[in-house]
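Subject: A structure for you to look at

Hello,

Here is the structure I promised to pass on. Please open it and keep it beside this email while you read.

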Amino acid sequence: KQSIQEKLEALNKMKKIDEPEVIFEFNPKEFVPEKMVILRQNLYFFNPLSQNLLTLNEKNESQLLPIQQSFNSAAILGDSILFFSKPDKINVFKNGAIQNSFTLKLPAPDFNFSKLSALYSNVYLLDSEKGEIIKYASPLEKGKDSPQLWIAPAETKKAIAGKSMAIDGSVWILQGENVIWRYYRGRFQAELKLDLFPYPKNIYKIFTSASLPYLYLLEPAQNRIIILNKSGEVIKQFQSEKFDNLKDFSISENGNTIYLLNGLKVYQISFVP
């Protein structure tokens, strides 16, 4: 059994890490992170229950920023971070401070946005209950008042129960049952079924971007991050017993570094295909 498992792990490009590199550890009396995002070489950590941000620069020096606003999700747009606050607010963070805040017009009062992405100055929000993706076109000053149903009205495959969303020109939706749906120009294009070892139990998050050739998947249930090409083939897996409380991750701009938020620790993994 052990021999078979080792062969399957090798075929599925699994790398087990006994002692992953810790680059930072939070003081719980100061800040408890839940989510993270990266802009250039700086990491930003936030918590929907906190009105602070904690930044970590490339020298691993931290700074706590009182923001007076809590955030539910975040996305990069150019040289800014867009922070979304439920139910309808976008905060534009740039140069260490909130520069602008916009209240979005909802397509209907009962829309409940859960995931945020951005591409080419456009903002996309997922309502996983209705299975709809709403686009707010650039510039946001005007686009905020004109929500557009991005998925074609005639499309029968709606993103209902979508767990996570990523955009690179196509829109990738992580569905239940370990399936990824790809949409393009509002139409369903393909389904990727995750056929790999160990078989996924509960993938939590998907990430990609227009500049990255891979899909990155976080699975806290099996202490790992999975890297696929955009046809669904396994490129690499990283697993560690130390990844026992995975909450979020970010990928460096060149794709060569993976940052993992695990409880109060931040781990760093070098990734060279």
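Below are my notes, going from the whole chain down to single residues.

**The whole chain**

Please remember that this is a predicted model. The chain has 273 residues, and a compact globule of that length would have a radius of gyration near 19 Å. The chain has 19 Å, so the two agree. Its C-alpha atoms fill a box of roughly 60 × 45 × 30 Å along the principal axes.

Buried residues account for 51% of the chain. The accessible surface is about 13300 Å², and carbon and sulfur atoms hold 46% of that. Now take the contacts between residues at least 6 apart in sequence. Of these, 44% join residues at least 24 apart.

**A four-stranded sheet**

Next, find the open sheet with the strand order E7-E8-E9-E10. Its four strands pair in the antiparallel sense. Which strands stand at the edges? They are E7 (73-77) and E10 (97-103). Each has a single partner strand, so one side of each is left without a neighbour in the sheet. From one strand to the next, the twist averages 25°.

Look at one pairing in detail. Strand E9, residues 89-94, runs antiparallel to E10, and six bridges join them. Lys89 stands opposite Thr103 in E10.

Now move to strand E21, residues 224-229. How many of its six residues are buried? The count is six of six. In E21, both faces are covered. Arg224, Ile226 and Leu228 are buried on one side. Ile225, Ile227 and Asn229 are buried on the other.

E21 pairs with E20 (residues 214-219) over six bridges, in the antiparallel sense. Leu215 stands opposite Leu228 in E21. E20 and E21 form a hairpin with four residues between them. In that turn, Asn223 has a positive phi of about 55°.

E21 also pairs with E22, residues 234-239. Five bridges join these two strands, which run antiparallel. Here Ile227 has Lys236 in E22 as its bridge partner. E21 and E22 form a hairpin too, with four residues between the strands. Gly232 in this hairpin takes a positive phi near 100°.

**Aromatic rings**

Last come the rings. A pair of aromatic rings is described by the distance of the centres and the angle of the planes. The structure holds 18 aromatic pairs. Take Tyr214 and Phe271 as one of them. Their ring centres are 5.8 Å apart and their planes stand at 70°, so the pair is edge-to-face. Tyr214 lies in strand E20, and Phe271 lies in the segment after strand E25 (265-270). The pair therefore ties together parts that are 57 residues apart in sequence.

Are these two residues buried or exposed? The cut-off for buried is under 20% relative accessible area. Tyr214 has 14% relative accessibility, so Tyr214 counts as buried. Phe271 is buried as well, with 3%.

There is also an aromatic cluster to find. Tyr44, Phe46, Phe71, Phe83 and Phe93 form it together.

Best wishes

Technical notes. Residues numbered from 1 in each chain as written. Predicted model: local features only at pLDDT ≥ 70, side-chain atom pairs only at ≥ 80, totals over all residues. Heavy atoms only, no water. Pairing = 2+ DSSP bridges. Axes fitted to C-alpha atoms, helices over the stretch in contact; angles between N-to-C directions. Rg over C-alpha atoms; globule rule 2.2 N^0.38 Å. Buried < 20%, exposed > 50% of the residue type's maximum accessible area, 1.4 Å probe, protein only. Contact = heavy atoms within 4.5 Å. Areas by Shrake-Rupley, 256 points an atom, 1.4 Å probe, with all protein chains shown as cover. Phe/Tyr/Trp six-rings, centres within 6.5 Å; stacked < 30°, edge-to-face > 60°.
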